[in-house]
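Welcome! Have the structure open as you read.

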Amino acid sequence: MLTTDRFGLPAVAHWGAQLDERDLPGLVASASPAVMFSSFDEPRSFSLIADRSSGWSGTPAVELGSGGRPLTMWRQLDPQLGPDALHLVFRDAGELAEVRMSFALDADGILRVRPSVQAIGSDPVDVHALRVLLPLPARAGETLDFSGRWSGERRPQRSPLRDGTWSRQTRRGRPGHDAPFLTMVGTAGFAFRSGELWAAHLAWSGNQEVLVERLSEGAGVHGAVLGGGELLDPGEVRLEPGETYTAPELVLVHSTEGIDGATARLHRSLRARPGHPQSPRPLLLNTWEAVYFDHDLGRLTRLADAAAEVGVERFVLDDGWFRGRRDDRAGLGDWFVDEGLWPDGLLPLSSYVHERGMQFGLWFEPEMVNPDSDLARAHPDWLLRERPELTWRHQFVLDVSKPEVAAFLLERLDAVITEAEVDYVKWDHNRDLHAALGADGSARVHAHTLAVYGVLDELRRRHPSLEIESCASGGARVDLGILERTDRVWASDTNDPVERQRIQRWTQTLLPPELIGSHLGPAEAHTTHRHASLAFRQATALFGHAGIEWDLTRSDADELAQVRRFTALYRELRPLLHAGVTVRGDHLDDGALLHGVVSDAGDHAVFAWVRTETGHTGNTVRVPLPGLRPEVAYRVRVRTELGEASRHEIADPAWMASTDAEFTGAVLAEGLPLPVLNPGQALLLELTAAGGRA
């Protein structure tokens with residue numbers, strides 16, 4: 001709800017739970033604070049375009065300049081109400097810039113705000129920052145966001161909110177493995193199933209900042225602010241008269257039902273997008289951890305045979321198919337099929353895969369180039385400028401903002417996709433962009449990111465049925481900007497199920513499971529060298545867009561039979577897993593996890609009871625199964641197709657021996673005693689309505 005401050009600028013009177021219309025006059029009447037000692041002689045305010053000229057001492061919403069002078073003293077023009085959004089328009093005192101903030105609130109309660117600025121005078125305008133800042137009430141006193149590293153993404157971190165600025169800035173040219181991802185601020189101790197919170201995500205794949213800020217004087221009648229925007233380098237955006245800069249969209253959500261409440265709103269909103277994947281998510285096999293760079297048509301057709309026999313629906317050929325690519329030191333950028341490895345091109349493999357009833361996918365890393373490549377030797381000016389010592393995985397970054405570079409990439413990808421009849425592209429991005437300067441020394445992350453979006457958009461226009469995965473050395477580019485142009489993300493380069501349980505748990509705070517690639521890897525994890533049982537690896541991969549990354553040709557008959565049971569279970573449950581409500585349990589010991597998916601109707605659910613490390617308790621207490629309808633009676637079935645979970649006990653709880661036990665959702669919310677599992681184990685529980693009301 002909006003009101004106006006003493007300068008006539010729009011200010012947020014309320015952002016949170018829906019209120020009755022009778023409450024609105026009171027909110028407006030109480031939107032101004034007291035006048036304090038050692039302060040302005042008027043009440044302080046906090047507007048949507050807050051800066052120092054209106055008495056705001058915190059981070060400005062708008063930082064623009066022209067001729068070395070800041071643009072300030074904003075005034076509001078008449079608001080504009082479009083079919084889907086409210087547009088608030090402002091001009092500075094010198095009439096040099098016009099700022100527009102577009103607000104769209106969807107049916108699921110997701111608020112999307114996109115600011116833009118146009119140079120309307122006769123002088124250029126420098127854009128230093130264009131942020132969205134919304135106020136928070138004083139009861140929002142704790143923050144939760146994320147950090148991480150390669151193969152260890154989305155590690156949550158909590159802290160109490162203190163005076164000052166909690167600023168998360170990513171300068172990697174991509175969000176990074178340590179991206180804040182979803183920044184939450186809530187009541188003390190907010191958890192998955194309890195507490196009130198406000199959260200923000202920047203839908204942008206380049207440099208960014210998200211901040212939470214509390215000043216001693218507050219923000220008008222509010223306690224703090226939450227917001228963010230693109231992090232621009234000096235000189236990166238200069239607008240000539242008539243030009244416009246449109247900032248990334250900030251996605252905001254409020255919940256009175258804990259993190260799961262926010263997650264449910266976000267998932268429903270994302271699933272309502274016109275471009276959200278509609279077909280069942282094909283179970284895929286990716287060849288990377290099966291063959292690495294060892295490409296041979298005979299070996300790959302044998303792998304395709306094994307994949308088809310266990311129920312794989314999409315076969316993806318990873319890195320190593322193009323000219324000069326025998327390892328990661330050469331060839332990147334030369335997007336021509338290697339004639340030595342593939343004398344007849346990729347079509348024989350693609351056709352073989354299609355004949356076996358599977359889709360064919362192919363790996364690219366279009367933005368990158370090895371110095372040891374024909375492309376780098378022919379066009380050294382196409383590379384973003386970095387110190388020559390700062391290779392990363394033996395590669396540099398192409399300046400895709402150059403029209404000739406974007407045209408080259410489109411031509412090569414289009415040609416290979418067409419010739420090889422490719423259904424699916426795994427688009428990788430294996431290094432940060434650091435200096436990321438153009439040939440003229442200008443900062444290029446902003447222009448590069450927009451150009452990558454442009455290539456993706458045009459590629460999809462040319463190939464409407466093509467699906468694309470966003471991979472960035474795992475989960476370093478997981479954001480809603482890239483997902484406007486892709487169909488799923490690769491959450492992490494680790495397939496270690498212990499690590500994956502945590503990574504997928506927190507990635508799902510923002511993204512529904514069908515957008516998150518989750519693969520069954522070999523017994524020894526490629527990244528950690530930890531060994532895990534096949535059953536645990538399968539149970540972990542089940543709760544996402546499932547796949548396999550394992551050389552099935554080296555598996556024995558028992559393993560292949562178990563994998564067939566896994567693929568069958570995935571196909572059976574994916575209508576629920578990819579459309580239901582994600583729920584997670586609270587108040588468990590550090591080595592235990594409880595997560596699941598409940599149908600919208602509340603009549604069907606699947607839960608995973610997971611033990612990642614030895615617990616400190618010697619017994620099993622009631623474990624609540626959340627998200628169920630309290631009045632419905634449920635039958636609980638242990639699904640053992642993936643194998644029996646190893647126990648650390650003499651016998652299971654007695655209820656598990658009954659074949660006809662029923663429990664109401666109210667009882668299940670109190671909890672069932674569950675088996676004490678050994679570490680590295682998972683138990684799958686399926687719940688179905690018993691056919692009547694309790």
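A cavity here is a set of grid points where a 1.4 Å probe fits but cannot get out, and its lining residues have an atom within 4 Å of such a point. Please keep in mind that the model is predicted.

How many cavities of 30 Å³ or more does the structure hold? There are five of them. The largest cavity has about 120 Å³ of space. Its lining is made up of 13 residues, and those nearest the centre of the cavity are Q504, R505, Q508, F543 and H595. If you sort the lining of this cavity by class, you find seven polar, four nonpolar and two charged residues. Three elements each supply at least two of the lining residues: helix 9 (497-507), strand 32 (581-584) and strand 33 (592-598).

**The open pockets**

| Pocket | Volume | Lining by class |
|---|---|---|
| Largest pocket | about 1100 Å³ | 18 nonpolar, twelve polar and seven charged residues |
| Second largest pocket | about 600 Å³ | 15 nonpolar, twelve polar and seven charged residues |

The largest pocket, with its volume of about 1100 Å³, is lined by 37 residues, and G16, Q18, L105, G109 and R265 lie nearest its centre. Two or more lining residues come from each of strand 8 (97-105), strand 21 (249-255), helix 2 (258-271) and strand 32. Which element gives the most to this lining? That is helix 2, with five residues.

**Helices side by side**

Let us turn to helix pairs, starting with one that involves helix 9. Helix 9 packs against helix 10 (residues 534-542) at an angle of about 20°, and their axes are 10 Å apart. Angles under 35 degrees count as roughly parallel, so helix 9 and helix 10 are roughly parallel to each other. Their crossing is left-handed. On the helix 9 side, the contact is made by P497, V498, R500, Q501 and Q504, and on the helix 10 side by F536, R537 and T540. These contact residues comprise three nonpolar, three polar and two charged. Q504 is also among the residues nearest the centre of the largest cavity.

Helix 4 (residues 297-310) and helix 5 (residues 347-355) have axes that come within 10 Å and cross at roughly 15°. These two helices are therefore roughly parallel as well. Is their crossing left-handed or right-handed? The crossing of helix 4 and helix 5 is right-handed. Here L297, L300, T301, A304 and D305 of helix 4 meet P348, L349, Y352 and V353 of helix 5. Seven of these contact residues are nonpolar, one is polar and one is charged.

Finally, helix 7 (residues 403-419) and helix 8 (residues 445-462) cross at roughly 30°, with axes that come within 10 Å. This crossing is right-handed. Helix 7 contributes A406, L410, L413, D414 and I417 to the contact, while helix 8 contributes V455, E458, L459 and R462. The contact of helix 7 with helix 8 has six nonpolar and three charged residues, and no polar ones.

Note on methods. Residues numbered from 1 in each chain as written. Predicted model: local features only at pLDDT ≥ 70, side-chain atom pairs only at ≥ 80, totals over all residues. Heavy atoms only, no water. 1 Å grid on protein atoms, 1.4 Å probe; cavity = no way out; pocket = protein on both sides within 12 Å on 5 of 7 lines; lining within 4 Å. Points joined across faces, edges and corners; volume = space filled by probe spheres on them. Helix = DSSP H or I, 4+ residues; strand = E, 2+ residues; numbered from the N terminus. Nonpolar A, V, L, I, M, F, W, Y, C, P; charged D, E, K, R; others polar. Axes fitted to C-alpha atoms, helices over the stretch in contact; angles between N-to-C directions. Parallel < 35°, antiparallel > 145°, perpendicular 65-115°, else oblique. Left-handed = near helix turned anticlockwise from the far one by under 90°. Contact = heavy atoms within 4.5 Å.
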